[in-house]
Amino acid sequence: MNKSIEKLLNDQVKYEAGASMHYLAMASWADANGYNGIAEFFYNQSEEERVHMIKLVKFINERSGKVVVPALEQPTPEYKSLNELFEVFLKSEMFVTEQINHVIFECLDKKDYNVHNFMQWYVTEQLEEEAVARTLLDKLNIIGDDKSGHYMFDRDINTIVSSATAAE
Ligand code: FEO
C-alpha cells in the first residue's frame, strides 16, 4: 500500500474513533439531562462510528498495511443547549466528510483504485449522516427555546431520523 494512503487511512481510523468517543460523551450528557431519546440516538451513533473505525482497521490489515491504533483527546463533557449539541454533531460529520474526500483525492492521484473503491462506502454513509445531522439541527432551529418542543423532539427523534434517511 502506498505510504501516503496508509497514513491517510490511519488518520481516518483516528477521526472515526474520535467521533465515536465524542458521540458517547454526547449520549451521556443527554442521558444525564433527561433526554432519553437523544441519548439513545447518540449511543447508537457512537456504535456506528466504532464500526466505521474497525472496518478501516481490518481493511488496512487485509492490504498488508500497518495499523496505528490512535491516542484520543478527551471529548467535551458539557453542552449549553440541545442546539449546541447538534451544531457540534453536524460540524463533526462535515469534518469527517472533508477528510474522506481528501482520501479519495489522494487515491485518484496515486491511482489506487482498490482503496478508492473501498472508500465509496464511506462516501455514501457520510451523505446520509450529514443529511440526518442537518435535518435534526433544522428542526431544533424551528423549535427555538420552547421546552415542550424539546420534549417532543426527544420523544420523536427516531421518526425524524427515519424520514430524513427515507428522503435521501
Ligand atoms: Fe463515520 Fe459519521 O463518520
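Okay, a bit of housekeeping. What you see is a predicted model, where local features need pLDDT of at least 70 and side-chain atom pairs count only at pLDDT 80 or more, while totals for chains, interfaces and linings use all residues. Residues are numbered from 1 along each chain as its sequence is written, and side-chain values use heavy atoms, with hydrogens and water left out.

How confident is the predictor? Confidence is highest in α2, at 98, and lowest in α5, at a mean of 90. When I say helix, I mean a DSSP run of H or I with at least four residues, numbered from the N terminus.

Let's stay with α5, then. This helix covers residues 147-166, 20 residues in total, and its first and last C-alpha atoms are 28 Å apart. That is close to the 28 Å expected at 1.5 Å a residue, where the expected span is 1.5 Å times one less than the number of residues. Where does α5 bend? At Asp156, by about 65°; the bend is the angle between axes fitted to the seven residues ending there and the seven starting there.

Now, which residues of α5 are buried? Among them are Phe153, Ile157, Ile160 and Val161. Buried means under 20% relative accessible area, exposed means over 50%, and partly exposed is in between, with a 1.4 Å probe and protein chains only. The buried residues of α5 pack against α2 (36-62), α3 (82-109) and α4 (113-143).

On to the cores. A nonpolar core here is a set of buried Ala, Val, Leu, Ile, Met, Phe, Trp, Tyr and Cys residues joined through side-chain atoms within 4.5 Å. The largest one has 26 residues, and Ile38, Phe41, Phe42, Leu85, Phe86 and Leu136 touch the most other members. Each of α1 (3-32), α2, α3, α4 and α5 supplies at least two residues of this core, and the largest share, six residues, comes from α1.

Take Phe41 as an example. Beyond its neighbours within four places in sequence, Phe41 is in contact (heavy atoms within 4.5 Å) with Phe86, Phe89, Val132, Leu136, Ile157 and Val161. There's also a second, separate core of 19 residues, including Met53, Leu56, Val96 and Val115.

Back in helix α1 we find His22. Is His22 buried or exposed? It counts as buried, because its relative accessibility is 19%. Setting aside neighbours within four places in sequence, its contacts are Pro75, Thr76, Tyr79 and Val88.

Last stop, charges. How many salt bridges does a search of the whole structure find? Eight, each with a side-chain nitrogen of Lys or Arg within 4 Å of a carboxyl oxygen of Asp or Glu. One of them joins Glu84 and Lys80 at 3.4 Å, N to O. Lys80 is exposed, at 74%, whereas Glu84 is partly exposed, at 22%.

Lys110 pairs with Glu106 at 2.7 Å and with Asp109 at 3.5 Å. With those shared partners, Glu106, Asp109 and Lys110 form one network.

Definitions and conventions:
pLDDT is the predictor's confidence in each residue, from 0 to 100.
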